[in-house]
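Reader: I would like to learn how to read the features of a protein model. Could we go through one together?

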Amino acid sequence: MFAKLLNRRTQPSPVPTTHPASLITVDQFVCPSPWQLLPRTGEFWAWRSCGSPATWIALGSAKSTTSLGLCREWLKQLPLRTLPFSPRCFGAVAFDDRAEMQDEWSGFAVRKFVLPRTLIRWISGTATAVHLGDPVALEPVPESRPAAPPRLASEQASFALPNWRRAVGAALAEFEQGELDKVVIAERVRLALSGVVELRDVLGVLGNVEDCALFACRDTASGIFLGASPERLFRMQGRELEVDSLAGTRPRGATVSDDDRLALELERSAKERREQACVTEFLRAQLADVCEQVHEDTAAAVRRLANVQHLQTRLRGVLRAEVTPDQLLRLLHPTPAVCGNPVAPAREWIRSHEPHARGLYAGAVGWIDVQDAEFMVAIRSGLLRDHHAYLYAGAGIVPGSRAEAEYAECGWKMAGMRSALGV
């Protein structure tokens, strides 16, 4: 085990017979970094909510499902009062539930939520683990290693700029016909690397990104999907609900005055405000169907992130008693922020015009426990597979969009993942 086993409890299981575990054990031990807990092989989830001191590491799969409701039923069957924290299930939903998980996404599920065999909560160097059955073996890794990050051997974008211009032109023509108000076109860049990326190093960098939720997962495939997302799809705390409307983009400035100039430009841009208002109106209309009341914290305001700044509105509501997390996920995902408006024809347009599979990019990633749930929009993300890294970013196209400016926006959004990879 790690540096020092502080406490271990084994309890004869009152776990129902529907659960595969015969014993639940609880360990507490010292561990300098949560990333030392990640396995070299096998399924895992890593998660840190925005502003939270806790990092969660979920190892293995005791059970899996496509239903958040079933996850909650499984969790309710555990002896919750005897455990040091409320266990969680983790999972993800692809951007397009009708698309095949192909190419680099082969082996990932379109929709999957997992009850982990071992769930670890790490806070300030102390890890507390709950094992459902036989513990998943932990593989301690030295905190420091001399290995240098792999070099970039080659780079290939799915859209060359001429093809991007044609796609934006097709979208603008669609707007003139009145079928769509907005569509989000996503770029994918494939990086060939000289060696395998060290996941712990990448997460160490992403873990320092402020005001974002950190996630990483490996399903049965060999690839690892990870990112630091600034966009909350929804957060449920009992019946209290929060959602984010995040759209419109400018880069960060090189100086304070330049940064402020770009922020003011973003606020005053009719095109960017129209793009963000489209998302807010969609969310407001969807929440009206499931909430007893909905209000906006503020009007659209600039939110500054490490590489870009956006317009953001936060909406809050009180869910009606009969609304389930599955209903909420279906209602909100995908939003016009990553798809377009109206959502259904925008997604059809994306299917026929994007030359690559989005997979989990722009999907929904998150967790659920017996009372609360949180899902983020899986943006500012990438996929690591073998000696390759795939980076994804999208730009919202509306009337008045210029192809070159939107292409540059995708580059700004990929900058964080490039930095984390060291390329």
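**Aromatic pairs**

Author: Let us begin with rings: by the pairing rule, the count comes to eleven aromatic pairs. The rule takes rings of Phe, Tyr and Trp (its six-membered ring) and pairs them if their centres lie within 6.5 Å; planes under 30 degrees apart count as stacked, over 60 as edge-to-face and the rest as tilted. The model is predicted, so local features need pLDDT of at least 70 and side-chain atom pairs count only at pLDDT 80 or more, while totals for chains, interfaces and linings use all residues. Residues are numbered from 1 along each chain as its sequence is written, and side-chain values use heavy atoms, with hydrogens and water left out.

Reader: Why is the pair of W45 and F90 called stacked?

Author: Their ring centres are 6.3 Å apart and their planes are at 20°, so W45 and F90 count as stacked. This pair links distant parts of the chain, with W45 in strand β3 (residues 44-48) and F90 in strand β6 (residues 89-93), 45 residues apart. Helices (H or I, at least four residues) and strands (E, at least two) are DSSP runs, numbered from the N terminus.

Reader: Are W45 and F90 buried or exposed?

Author: Buried means under 20% relative accessible area, exposed over 50%, and partly exposed in between (1.4 Å probe, protein chains only). W45 is buried at 9%, and F90 is buried at 1%.

Reader: Which kind of pair do F113 and F375 make?

Author: Their centres are 6.1 Å apart and their planes are at 85°, so F113 and F375 are edge-to-face. F113 belongs to strand β7 (residues 111-115) and F375 to strand β21 (residues 372-377), 262 residues apart. F113 is buried, with 1% relative accessibility, and F375 is buried too, with 0%.

Reader: Which residues form an aromatic cluster?

Author: One cluster is formed by W105, F108, F215, F225, Y361 and Y392.

**Charges over rings**

Reader: What sits over the ring of W367?

Author: A charge sits over a ring if NZ of Lys or CZ of Arg is within 6 Å of the ring centre and within 35 degrees of the ring normal. Here the charged end of R88 sits over W367, 3.5 Å from the ring centre. R358 lies over the face of F95, at 4.2 Å from the ring centre.

**Two helices**

Reader: At roughly what angle do helix α3 and helix α8 cross?

Author: Axes are lines fitted to C-alpha atoms, for helices over the stretch in contact, and angles run from 0 to 180 degrees between N-to-C directions. The axes of α3 (residues 199-206) and α8 (residues 403-421) come within 8 Å and cross at roughly 135°. Angles under 35 degrees count as roughly parallel, over 145 as roughly antiparallel, 65 to 115 as roughly perpendicular and the rest as oblique. The helices α3 and α8 are therefore oblique to each other.

Reader: Which residues make the contact between α3 and α8?

Author: Contact means heavy atoms within 4.5 Å. V202, V205 and L206 of α3 meet G416, M417, A420 and L421 of α8.

**Backbone details**

Reader: Where is S124, and what is its phi?

Author: S124 lies in the loop between β8 (118-123) and β9 (126-132). Its phi is positive, about 50°, although S124 is not a glycine. S124 is exposed, with a relative accessible area of 66%.
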